[in-house]
Amino acid sequence: MIKNKIIFILPLLMVSIFFAQEKPNIVWITIEDTSPQFIGCYGNKNASTPNIDKLAKEGIKFTNAFATGTVCSASRSAIITGVPTYKIGTGNHRSNFPIPDFIHGFPYYLKQHGYYTSNNVKTDYNVADEKVMIAESWDESSKKATWSNRKDKKQPFFSVFNFAASHQSRTMSMPFDWYKKYVWNYLPEEDRIGDKDFEMPAYFKDSPEMRKQFARVYNSIKLTDNRIGKLLQKLEDDNLKENTIIFFYADHGEGIPRAKTNGINLGYRVPFIVHFPEKFKHLSPWGKVGSVSSELINFEDLAPTLISLSGGKVPDYLKGRVLVGKNRDQERNHLLLSSDRADNGPDLTRTITDGKFVYSRNFQPFTPEMRYIRYIEQAEITQQMRKDLKVGTLNDVQENIFKTRPFEVLYDIENDIWESNNLANNPKYEAVLQKMRKQLDNAILKARDVHFATEYKIAEISKETTPYQFRLNEEKYPFQKIYKVASLSGKKGKKIARKQAKYLKSNTEEIRYWAITGFLSQEKEFIACYKKEITKALDDKFPPVKITAAAVSFEHFGDKKSENILKEFSKSNNLDLALLSINYLLYINNKQPFIETIQEAKKLPNRNYNVKSACTDFLMIVELGKNQ
């Protein structure tokens, strides 16, 4: 009897060992700050991306893949955890708030199922205790990390390679000489793309000065493609390509003005390609090689997909889709996307897309798409755009990105790839608008978006709990009521102003904050009607309400009390409040009373990058600083 059991068990063990060995290797090729509009296989005839194009020809190309955030650390937090930023509290760039203990970097689960995990080299996960996450996720995370360092060459591996040559530093932010040193000089002469060898996006002026700067995008992506080619060749040289599934994607949209950091298609949409070797083609639901899929994908889907590929069970807290294999989940018909603070430029934009249209709701529309962000303002291309704006040589489309935003935009991203025609007020698209508005509201309410609590509040509650868990507490965070008031922000008129004034009396801090925030977009005649209520808000115990009321009051009434509040908080030791105050000063008309205060604030000890950058932007506007 025992002998028969052994005979029965041995084949099972052999099968288990066989399948353990037959697990696919997985390689991620991630590039930075790149939109599909600038890659050859996505239709750009001016681009030179033969290695990426070949990967698409031999794999599956996705036309509707989207980042969950529009700046690197926010996007990467969603990638590594599988949890979207608006649930976990990681939407604000490099804020580093805590996450629950049960949420792990997803490679942690791959390691449990026999995978060797390596990361070369970027992390930037935007969570507290990032070193703990790195340690539990990766067998090795370094500039030398590769599949080659595993001890057992039969062990399946998951290896990430991050290519930085297309980063915003190369495409715009660093000086032109720096770009020449680190991009241009690394390209063979025959690979270099000249200033006249491409078409300019519609929202950029087509001039020699702008073309000189914009050529950086094409050359940076060309250098990236060359380096990808070397990695793919290494995979072949090691005889691993036929056992390896390859994922290629960018971390968010293009590192140029108006794309990265903005909650529109140009900020979210990414190139995304998956290559299956012959051995693992049965895992692909998308047909033969060279296929193109319009399936909606976002970064929430990556963690569950890879956990499933490794043979693991997807944890309950992961709500993204498994994309491949027998456990593949049903397709979606829309996605919720988000964009929040990037460096010193606060924002809160939420977006719904179905792949054909993008509908974005701007909850802080009093700032323009070209809001002041030092890393963007220091770029020569931005300086040229502001020069052209000042002398009046931009057309309406080019000038519009410097104006305050409408509270909602609707773009047909199949026919308007540069998103220059807002359809939100076009009667022909009323049905689409209403449908996507409803989808957005429902998705935000279901998620209980924690970023409506303000970054200051998230920092405060993070001392006791996590943003993820706080948002689930109905008593402390009555989100449906908060969202009702936040949804008024950006809308104008007498009835809206009356409601906002009423909500200033609420006992809930966030409700009062969104009520006063709404007045930043109201027309002066309606603000004047509620001077008493706004003035009373100057004594509010919740600092974000007090500061925002001061910004509204000073802009419209010019009173001394508001001026003093803005000056006081600009020098606050709480850097979230300092940034909030200084950021408002960037957009008020009369900056003169605050020049000395901002000069002093910039010199104070223990100022972080964001506060210093906001000070620099302010001083540049009043022409008292250096644009660097």
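Asparagine 25 counts as buried at 6% relative accessibility, where buried means under 20% relative accessible area, exposed over 50% and partly exposed in between, with a 1.4 Å probe and protein chains only. The model is a predicted one, in which local features need pLDDT of at least 70 and side-chain atom pairs count only at pLDDT 80 or more, whereas totals for chains, interfaces and linings use all residues. Residues are numbered from 1 along each chain as its sequence is written, and side-chain values use heavy atoms, with hydrogens and water left out.

**Surroundings of asparagine 25**
- Asparagine 25 lies in strand β1, where strands (E, at least two residues) and helices (H or I, at least four) are DSSP runs numbered from the N terminus.
- Leaving aside neighbours within four places in sequence, asparagine 25 is in contact with Gln155, Pro156, Phe157, Leu240, Asn243, Thr244 and Ile245, contact meaning heavy atoms within 4.5 Å.

**Aromatic pairs and cluster**
- The structure holds 44 aromatic pairs, a pair being rings of Phe, Tyr and Trp (its six-membered ring) with centres within 6.5 Å, and planes under 30 degrees apart counting as stacked, over 60 as edge-to-face and the rest as tilted.
- Phenylalanine 38 and phenylalanine 214 form a tilted pair, because their ring centres are 5.8 Å apart and their planes stand at 55°.
- This pair links distant parts of the chain, with phenylalanine 38 in the loop between β1 (25–31) and α2 (50–58) and phenylalanine 214 in helix α9 (residues 208–237), 176 residues apart.
- Phenylalanine 38 is buried at 2% relative accessibility, and phenylalanine 214 is buried with a relative accessible area of 0%.
- Phenylalanine 452 and phenylalanine 479 make an edge-to-face pair, 5.7 Å centre to centre with 70° between the planes.
- Because phenylalanine 452 lies in the loop between α15 (430–447) and α16 (455–461) and phenylalanine 479 in helix α18 (residues 479–486), the pair ties together parts that are 27 residues apart in sequence.
- Both phenylalanine 452 and phenylalanine 479 are buried.
- One aromatic cluster is formed by Trp28, Phe62, Phe106, Trp138, Phe158, Phe247, Tyr249, Phe272, Phe276, Trp286 and Phe299.

**Charges over rings**
- The charged end of lysine 212 sits over the ring of phenylalanine 176, 4.5 Å from its centre; the criterion is NZ of Lys or CZ of Arg within 6 Å of the ring centre and within 35 degrees of the ring normal.
- Over the ring of tyrosine 186 sits the charged end of arginine 227, 5.4 Å from the ring centre.

**Helix packing**
- The axes of α2 and α9 come within 7 Å and cross at roughly 55°, the axes being lines fitted to C-alpha atoms, for helices over the stretch in contact, with angles running from 0 to 180 degrees between N-to-C directions.
- That makes α2 oblique to α9, since angles under 35 degrees count as roughly parallel, over 145 as roughly antiparallel, 65 to 115 as roughly perpendicular and the rest as oblique.
- Pro50, Asn51, Ile52 and Leu55 of α2 make the contact with Lys222, Asp225, Asn226, Ile228, Gly229 and Leu232 of α9.

**Enclosed elements**
- Five of the five residues of strand β13 (residues 408–412) are buried, so β13 is largely enclosed by the rest of the structure.
- Five bridges join strand β12 (residues 357–362) to β13, and the two run antiparallel; strands pair if DSSP finds at least two bridges between them.
- Eight of the eight residues of helix α11 (residues 302–309) are buried, so α11 is likewise largely enclosed by the rest of the structure.
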